[in-house]
Amino acid sequence: MDALKLIRCCVCARTPEDVRLAICPTCAKRVCAEHAFRRSGKFFCTKQCAEWFFYGDPEDLEPEE
Ligand SMILES: [Zn+2]
Ligand SMILES: [Zn+2]
């Protein structure tokens, strides 16, 4: 099921059974604590998401979605 992919770390694809997952507040991807980028007590999937969250519009947005 595709739904299973949504609850895996977007980096290493581990599931909540293996690791604790956080949800990126910018893009809503799941990321495990090991791969999360921490900023101000929040967990983001990438540094880029953290910067978007705090600073707004991205200047170097890579269209990879
Ligand atoms: Zn991971
Ligand atoms: Zn993100």
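Visitor: Is Ala28 buried or exposed?
Guide: Exposed, because Ala28 has 10 C-beta neighbours inside 10 Å. Bear in mind that this is a predicted model.

Visitor: Where does Ala28 lie?
Guide: Ala28 is in the loop between strand 1 and strand 2.

Visitor: What about the phi of Ala28?
Guide: The phi of Ala28 is positive, about 70°, and Ala28 is not a glycine. For background, most residues other than glycine have a negative phi.

Visitor: And what is the phi of Ser40?
Guide: Ser40 is not a glycine, yet it has a positive phi of about 55°. Ser40 sits in the loop between strand 3 (37-39) and strand 4.

Visitor: Is Ser40 buried or exposed?
Guide: Ser40 counts as exposed because it has 8 C-beta neighbours inside 10 Å.

Visitor: Let's step back. How many helices and strands are in the protein chain?
Guide: The protein chain has two helices and four strands. From the N terminus the order is α-β-β-β-β-α.

Visitor: What share of the residues is buried?
Guide: Of the 65 residues in the protein chain, 18% count as buried.

Visitor: Which residues make up the largest nonpolar core?
Guide: That core has 11 residues in all.

Visitor: Take Phe43. What is it in contact with, leaving aside neighbours within four places in sequence?
Guide: Phe43 then contacts Ala22, Val31, Ala36 and Arg38.

Visitor: Now Cys32. Where is it, and is Cys32 buried or exposed?
Guide: Cys32 is in strand 2. Cys32 is buried, because 22 other C-beta atoms lie within 10 Å; the cut-off is 20 or more.

Visitor: What is Cys32 in contact with, again leaving aside neighbours within four places in sequence?
Guide: Cys9, Cys12, Arg14, Val19, Arg20 and Leu21. Take Arg14: it is 18 residues from Cys32 along the chain, and the C-alpha atoms are separated by 7.7 Å.

Visitor: How far apart are Thr15 and Cys32 in space?
Guide: They are 8.6 Å apart, C-alpha to C-alpha. In sequence, Thr15 and Cys32 are 17 residues apart.

Visitor: Where is Thr15 found?
Guide: Thr15 is in the loop between helix 1 (2-6) and strand 1 (21-23). Thr15 counts as partly exposed, because it has 14 C-beta neighbours inside 10 Å. Not counting residues up to four places away in sequence, Thr15 touches Ile7 and Arg8.

Visitor: Moving on to Ala33. Where is its place?
Guide: Ala33 is in the loop between strand 2 and strand 3. Ala33 counts as exposed, because 12 C-beta neighbours are inside 10 Å and the exposed class takes in 12 or fewer.

Visitor: What does Ala33 contact, leaving aside neighbours within four places in sequence?
Guide: Ala33 contacts Val19, Arg20 and Ala22. Ala33 and Arg20 are 13 residues apart in sequence, with their C-alpha atoms 6.4 Å apart.

Visitor: Last one. Among contacts with a separation of 6 or more, what share comes from residues 24 or more positions apart?
Guide: In the protein chain, that share is 12%.

Technical notes:
Residues are numbered from 1 along each chain as its sequence is written. Chains are lettered from A and ligands numbered from 1 in the order in which they are written. This is a predicted model: local features need pLDDT of at least 70, side-chain atom pairs count only at pLDDT 80 or more; totals for chains, interfaces and linings use all residues. A nonpolar core is a set of buried Ala, Val, Leu, Ile, Met, Phe, Trp, Tyr and Cys residues joined through C-beta atoms within 7 Å. Two residues are in contact if their C-beta atoms, placed from the backbone, lie within 7 Å.
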